[in-house]
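Let's take a friendly walk through a protein structure, one contact at a time. Please keep the view open while you read.

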Amino acid sequence: MHPVLLSAQNMTRTFPGVVANDAVSLALREGEIHALLGENGAGKSTLVKMIYGVLRPDSGSLVWNGKEVSISSPSTARSLGIAMVFQHFSLFDALTVFENIYLGLDKNTNAENLKKEISAISERYGLPLDPDRHVYTLSVGERQRIEIIRCLLQNPKLLVMDEPTSVLTPQEVEKLFQTLRQLADEGMAILYISHKLDEIKQLCEHATILRDGRVVDSVEVVNETAASLAEKMMGQALSPSLDSIAPQREKLMLLVNELNADTDDQYGIRLRGINLQAYAGEIVGIAGVAGNGQEELLKAVSGETLLATSSMVKLNAVECGKYGPNRRRKLGLACIPEERLGHGSVPGMSLKDNALLTSFKRLGLLTRGFIRSAAAVDFTHRIIERFDVRYRDHQSLASSLSGGNLQKFIVGREMAQNPDVLVVSQPTWGVDAGAAQTIRASIQTLAGEGSAVVVISQDLDELMSICHRIGAICAGRLSDFYPVGDITVQQVGLLMAGAESLEGDGS
Amino acid sequence: MVFGSPLVAFILTLVAGVVLFQIMGVNPFDALYAFFVEPLTSLYGWGELGVKATPLVLIAVALSIGFRAGVWNIGAEGQLTLGAICGGGVALLFYDVEGFWVLPLMIAAGIGGGMLWAAIPALLRTRFNANEILTSLMLTYVATLLLSMLVHGPWRDPDGFNFPESRIFSESATLPLILGGTRLHLGWIFALLAVAAGWLLMSRTIIGFQVKVVGEAPAAGRYAGFRVRRVIWFTLLLGGGAAGLAGLIEVSGPIGQLLPSISPGYGFTAIIVAFVGRLHPVGVLFAGLLLALSYLGGESAQISLNLPLAVTGVFQGLLLFFLLACDVLIHYEVRWRSNTLTSTRSG
């Protein structure tokens, strides 16, 4: 067995009101891919931030190569040989790959040598990347490669990866895993943060499982099944998702017909020839890597972007391409955007005001332009009770809710208006498993009651488990749709990568 | 914290004032007395406070609504001037006519003039995405020069010995006084009504809700179906109308005629009033009174202590400066660190 590289002992860190890490210990060996597993809010990020010097622990010690160290800043961490790839990249869109890497370095380097080093690393580890491309032209997977190369340039002994696969296609994930295995074979230790169990089964040897800020177990992955890991992570067995029977396709609720839309945003995606149907009782899934037009599609359907001709969107057989959001809501539409804070809700406003945001027309919460305050409070309480939102009172600010609670609130606000058509983007992104289950179940209930639902998501497992039909969006174009029973995850991956249909693929 | 910060800023302003007066060789406590207390030792003084606060409160209530929406109209001074020109123009047109309808007509013209002047930045912003901070500010100078041109030229009083002044407005073109022994006029009632209306608009109506949502999170505003352009038009016209009304009130109230200069910077001071009042109508009322006092105090300090008139501006500036500093320091922490990155030279 390899020697221990880093051991964290009894790390404790509290925030006002919460113990984020309670005496957490962890030992990492050289050449080992070690999983840090836990739900959102279990304390994974806190632990990693202490290791990387972003946060100081209240108590506990870090031992690096047998010596106790104090890591006071990320630059200290880097000088020890700890590198980290964050979930959210810090890259300048308008600069090239090379410029981004050059800017991020701690020490002065010769530009020519650096270019050579970049190509050497990208060749050696199978991370193809053109240093002269501008970042905004790159896919998310390619952007991640920049971050990885940036880390590898420092010759780290430990690489920390925070949920690296949440934005990748299955094929890209496979490539990333190859790279990580190669790095581990060369003796690098990798701390791999995730809540995706099958990935951990595939990739990791050892797993430390966190729940509510404590280490609940530390296991050899080969001895575990995905189910046993899930049970340890959540403290309870997952109830199986409802079995959904594909509905009869009788009543067409939403029709998107040859939709084209340009974008004002320099880095936005132009939608081209989008066709989409959703029937009553049906859940239609749209897979895709982030930034391929999901946001633009949602805005075009919701009415935030007005379309060139009214026939491009039909709700309940009414052409409404030129209608604004509230006229479409009147026709029975509800939309939930991906960005919770600042798009789906106003962070600095109360829950009551946020309940009002999309409901004032449809629920008639106005009299002569005046807000019927009592009715709005009632509606807020109805959402909160039905969706079990944890909050202080209806005056609590949206920004004070945790991600999962706010998402439940937003989903609840739209569901409580009994929409005939619901379009929801990334419904469970960054949400803890409990809230995710509530949200998925409510989507299925809504469809069961006869509404049409379109789910746009990066989470393929989620789509495969709740949808009846599935397709993918890539570079502003929508692929054909297939019943989930007739398509494999790998095939959806091909659609996500830009295949328009699976014909001629032998399937 | 939100309401603490103006208080802290005021105290810091006083402290800075003490230091300032000390440097100027004036007993600071005499100076502060002259500045903040002496003006309020008579009923007349209280009336004057209302007279000065009227334009400040009127404009600041409207501006604060715009600021909540993220629309930065800083050209209220120009809109005020145009309101005075249009309203005053009506008064001059009917200078020999008596009638109850003259004053309402002037008010309408004053509001219309201010709105017209604010419509230009609104149009430029919504059509060409031109920054309203620049356009509204620059139009202020145009408006001031326009007024100057009129009173030096066509509108000059024919019996006025060539002074650059218009005729004195007639009785029916003058705002009635409402408190005996003072100059307090009907405009003060308008200001109080504006506070009430502003509060109602912002806290109870969907229009105020729209303004707040668009200001806080424009994307959420579009999601809710609010049109950002409409909010820009609404808030600019509202600010322009209020400033125009304030300008009309000035010329048909305390001044009583058109002069080359009709405002000691009320339109700019109203920006300070809006922020000190935390962009809330009721806060604006108190802030308006405080800043009105700074005008009176400046005059009184000038008379009793021979201090320059610039003291008023310095005090107003200090107050805004400390307020903004307090707001920043409450939310952020200053960290001193050496720059670890040195410039790189490839070679």
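Angles under 35 degrees count as roughly parallel, those over 145 as roughly antiparallel, 65 to 115 as roughly perpendicular, and the rest as oblique. The angles run from 0 to 180 degrees between N-to-C directions, and the axes are lines fitted to C-alpha atoms, for helices over the stretch in contact. Helices (H or I, at least four residues) and strands (E, at least two) are DSSP runs numbered from the N terminus.

This is a predicted model, in which local features need pLDDT of at least 70 and side-chain atom pairs count only at pLDDT 80 or more, while totals for chains, interfaces and linings use all residues. Residues are numbered from 1 along each chain as its sequence is written, and chains are lettered from A and ligands numbered from 1 in the order in which they are written.

**Helix pairs in chain B**

| Helix pair | Angle | Axis separation |
|---|---|---|
| α8(B) (206-216) and α10(B) (228-255) | about 115 degrees | 10 Å |
| α3(B) (43-68) and α10(B) | about 175 degrees | 8 Å |

The second pair is therefore roughly antiparallel. Its contact includes B:I59 of α3(B) and B:A242 of α10(B); two residues are in contact if their C-beta atoms, placed from the backbone, lie within 7 Å. The residues of this contact divide into 16 nonpolar, 4 polar and 1 charged. Here Ala, Val, Leu, Ile, Met, Phe, Trp, Tyr, Cys and Pro count as nonpolar, Asp, Glu, Lys and Arg as charged, and the others, Gly among them, as polar.

By its angle, α8(B) is roughly perpendicular to α10(B). Where these two meet, B:Q210, B:V211 and B:V214 face B:V228, B:V231 and B:T235.

**Buried residues**

B:I59 also touches B:L80 and B:Y266, among others. Together with B:V57, B:I59 has the most contacts inside the largest nonpolar core, which has 251 residues. Such a core is a set of buried Ala, Val, Leu, Ile, Met, Phe, Trp, Tyr and Cys residues joined through C-beta atoms within 7 Å.

In chain A, A:I101 lies in helix α3 (97-103). A:I101 counts as buried because it has 23 C-beta neighbours inside 10 Å; the cut-off is 20 or more, with 12 or fewer meaning exposed and anything in between partly exposed. The C-alpha atoms of A:I101 and A:I149 are 8.2 Å apart, although 48 residues separate them along the chain.

**Where the chains meet**

Chain A brings 26 residues into contact with 17 of chain B. The largest share of chain A's side, 4 residues, comes from α11(A).

Methods: Lists of a residue's contacts leave out its neighbours within four places in sequence.
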